[in-house]
Amino acid sequence: MPKINGNEIRPGNVLEHDGGLWSAVKVDHVKPGKGGAFAQVELKNLRDGRKLNERFRSADKVERVRLEQKDQQFLFETDGMLTFMDSETFEQVELSAELLGDRRPFLQDGMTVKIEYYEEEALNVSVPQKVTCQIVETEPVVKGQTAANSFKPAILDNGVKVMVPPFVGPEEMIIVNTETMEYSERA
């Protein structure tokens, strides 16, 4: 694995540090008036979600880890375990639903997701950035209500609540951004 200097750490890098795998969430480069420059890095543990703030001087060497990304298709869920199939080898793998966190409701049957592996261990599951959902419940459309920034609450078919524009009614299909958990556009 390649070693990089402390000042080369960028957000999104995966590092091996203190015996664990950490993702750099936020990096601030600090140049104090007295003393050497350093990078103040906010790290998130990929296995248990702990957060850590660490200082790396430019002379410090850290291991940068490359994760292997595989496209896999979601098949079904049983007892909190999600079953995925590799689209190339057709091997099936079971992973905990906790890997998805608050994006779990957006996982749909047959959906292709990206799973990041470190050796044989699955560390992260990413659903597509935009997912089509149906509105189950919202206030009815009111004619003439076109105020620029007015939104109303809506409940989707997967149980998630989002804010939608006033012109969107019940039973309509919308596209939701899974990163921000917000309405994106009509489907």
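**Close-up views of a predicted model**

A search of the whole structure finds nine salt bridges. A salt bridge here is a side-chain nitrogen of Lys or Arg within 4 Å of a carboxyl oxygen of Asp or Glu. This is a predicted model, in which local features need pLDDT of at least 70 and side-chain atom pairs count only at pLDDT 80 or more, while totals for chains, interfaces and linings use all residues. Residues are numbered from 1 along each chain as its sequence is written, and side-chain values use heavy atoms, with hydrogens and water left out.

**View 1. R57 and D60 form a salt bridge.** The closest N and O atoms are 3.7 Å apart. R57 is exposed, at a relative accessible area of 51%. D60 is partly exposed, at 21%. The classes are buried under 20% relative accessible area, exposed over 50%, and partly exposed in between (1.4 Å probe, protein chains only).

**View 2. D102 and R103 meet through their side chains in a salt bridge.** The N to O distance is 2.7 Å. D102 is partly exposed, with a relative accessible area of 48%. R103 is also partly exposed. Its relative accessibility is 26%.

**View 3. R186 forms a salt bridge with E172.** The closest N and O atoms lie 3.0 Å apart. R186 is in strand β16 (residues 182–186) and E172 is in the loop between β14 (161–164) and β15 (173–177), so the pair ties together parts that are 14 residues apart in sequence. Helices (H or I, at least four residues) and strands (E, at least two) are DSSP runs, numbered from the N terminus. R186 counts as partly exposed at 41% relative accessibility. E172 counts as partly exposed at 22%.

View 4. Leaving aside residues up to four places away in sequence, E172 touches C133, Q134, I135, F167 and R186. Contact means heavy atoms within 4.5 Å. E137 is 35 residues from E172 along the chain. Their C-alpha atoms are separated by 9.8 Å.

**View 5. Five strands form an open antiparallel sheet.** Their order is β14-β13-β12-β15-β16. β14 and β16 stand at the edges with a single partner strand each, so one side of each is left without a neighbour in the sheet. The twist averages 55° from one strand to the next. Axes are lines fitted to C-alpha atoms, for helices over the stretch in contact, and angles run from 0 to 180 degrees between N-to-C directions. Two strands pair if DSSP finds at least two bridges between them. Strand β12 (residues 130–138) runs antiparallel to β15, joined by five bridges. Here C133 stands opposite I174 in β15.

**View 6. Strand β13 (residues 152–156) has alternating side chains.** K152, A154 and L156 point to one face and are buried. Three bridges join β12 to β13 in an antiparallel run. T138 has A154 in β13 as its bridge partner. Four bridges join β13 to β14, also antiparallel. A154 stands opposite V162 in β14. The hairpin of β13 and β14 has four residues between the strands. In this hairpin, G159 takes a positive phi near 90°.

**View 7. Six strands make an open sheet with antiparallel pairing.** The order is β1-β6-β2-β3-β4-β5. The edge strands are β1 (3–5) and β5 (51–57), each pairing on one side only. Neighbouring strands of this sheet are turned by 45° against each other on average, direction ignored. Strand β4 (residues 38–45) runs antiparallel to β5. Seven bridges join them. A39 has F56 in β5 as its bridge partner.

**View 8. The structure holds one aromatic pair.** F74 and F84 form this tilted pair, at 5.7 Å centre to centre and 55° between the planes. F74 lies in strand β7 (residues 68–78) and F84 in strand β8 (residues 81–86), so the pair ties together parts that are 10 residues apart in sequence. Rings of Phe, Tyr and Trp (its six-membered ring) pair if their centres lie within 6.5 Å; planes under 30 degrees apart count as stacked, over 60 as edge-to-face and the rest as tilted. Both F74 and F84 are buried.

**View 9. The charged end of K70 sits over the ring of Y117.** The charged end is 5.1 Å from the ring centre. A charge sits over a ring if NZ of Lys or CZ of Arg is within 6 Å of the ring centre and within 35 degrees of the ring normal.
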